[in-house]
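Subject: Structure handover

Hello,

Here is the structure for you to look over.

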Amino acid sequence: MLQNGLPGAAVGRLTMSGNDQAGICEAPQGSLLLPWSFFVALYINGTQEEEMSYNEGMFVKDYLSVSAMAKIHNISRQTLIYYDKIALFKPERTEANGYRLYNPSQIPLLREICFLKSVGIKLEDIKRHIEQRNLTTATSLLEYHKDFISKEISNLVKMREFIQQRLSLYKNADYARQELYKPVIEEFPERKALFVPFEKQISNRELRFTLMKAWNIMTQYDMIPSNGFGTRILRNQLAEDDIFKGAGIFVYLPGTEPYMGNSITLPAGQYACMYKYAMPYETADLFKLMKWINDNNYKITGDVIDACLLDATFYGDGKTADFCQIQIPVEKKPPC
């Protein structure tokens, strides 16, 4: 506890003895003798802090120590020492014993450095600015950083939308797992997608590699494949021996996607749908749904979409196939 600005162990009438020049303070009420520097207290905003700054045995009252300067600006001693090392903010004096001493007149400069750092400006930019500081450079620095922050905000808003899309996908998938292998008719709005055809015969390996090609194309447009992907099978191949000729990977695009030469439109309308655990090249479920379409007096009007809802990374029960939904655009056949 500090009393009258001095440690409790040294409370009493401190007098400077013949040891003054050695920086020793004598405590008449006890036999404790400690260097004067240990007993000096500096009041800062109503708080007390022990100082160890001295000059020829006397505390330099006109200067602030590292601890005091750091306390005023609500930063750590280590931060202030680091600023000294990188020549961003140096003490006015450095004693032979290494103690750093700051002039109170330096407070405005450190306050400005702390402000610039608090709004996210990099230390190297602050240092370059401080070295040639004037009203024009100060304005330019803040204008530049404001533009940078605006772009960051725009990117964060976009990321939040990507996250929401993925959350919606997961929530729908959780519900859909209760409706496995049940054909139903659903309405879908128009959707945009990036399409990349398979270069080799469809397989698990070809699916993965083609998806990554699509993923990399999207990143070139600052987009994240967050809204789902799958396999597109061409309608005119469904009656052929090789139904996967011309097939490929699609990735849903956001509604405000930029122009992309390899984008496609999935039309709005009715789709015959069925949830299943199977890879796109496993055709049993596709043929089952096609039969249901015919049996229920519908006809296929467009390309087949095999949309992946959850890939095999989610499963710990031995499943290796993706959880998908087959979507086939249909319309009712006219009455005979």
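**Largest pocket**

The lining of the largest pocket has 26 residues, and Leu169, Phe188, Arg191, Asn227 and Tyr252 are the ones nearest its centre. This is a predicted model: local features need pLDDT of at least 70, side-chain atom pairs count only at pLDDT 80 or more, and totals for chains, interfaces and linings use all residues. Residues are numbered from 1 along each chain as its sequence is written, and side-chain values use heavy atoms, with hydrogens and water left out.

The terms first. On a 1 Å grid over the protein atoms alone, a pocket is an open set of points with protein on both sides within 12 Å along at least five of seven lines; a cavity is a set where a 1.4 Å probe fits but cannot get out; lining residues have an atom within 4 Å of a point. Points are joined across faces, edges and corners, and a volume is the space filled by probe spheres set on them.

The largest pocket holds about 440 Å³ of space. At least two lining residues come from each of helix H5 (135–176) and strands E9 (184–188), E10 (191–197), E16 (304–310) and E17 (323–332). Helices (H or I, at least four residues) and strands (E, at least two) are DSSP runs, numbered from the N terminus. H5 gives the most to this lining: 7 residues. By class, the lining has 14 nonpolar, 8 polar and 4 charged residues. Nonpolar means Ala, Val, Leu, Ile, Met, Phe, Trp, Tyr, Cys and Pro; charged means Asp, Glu, Lys and Arg; the others, Gly among them, are polar.

**E10 and its partner**

E10 runs antiparallel to E13, joined by 4 bridges. Two strands pair if DSSP finds at least two bridges between them. Arginine 191 has leucine 266 of E13 as its bridge partner.

**Cavities**

How many cavities of 30 Å³ or more does a search of the whole structure find? There are 2.

The largest cavity has a volume of about 80 Å³. Its lining includes Leu207, Phe229, Pro280 and Asp306. Helix H6 (204–220), strand E11 (229–233) and E16 each supply at least two residues. The classes are 7 nonpolar, 2 polar and 3 charged.

The second largest cavity has about 60 Å³. Among the residues lining it are Lys276, Pro280, Glu282 and Asp306. Helix H7 (284–295) and E16 each give at least two.

Best wishes
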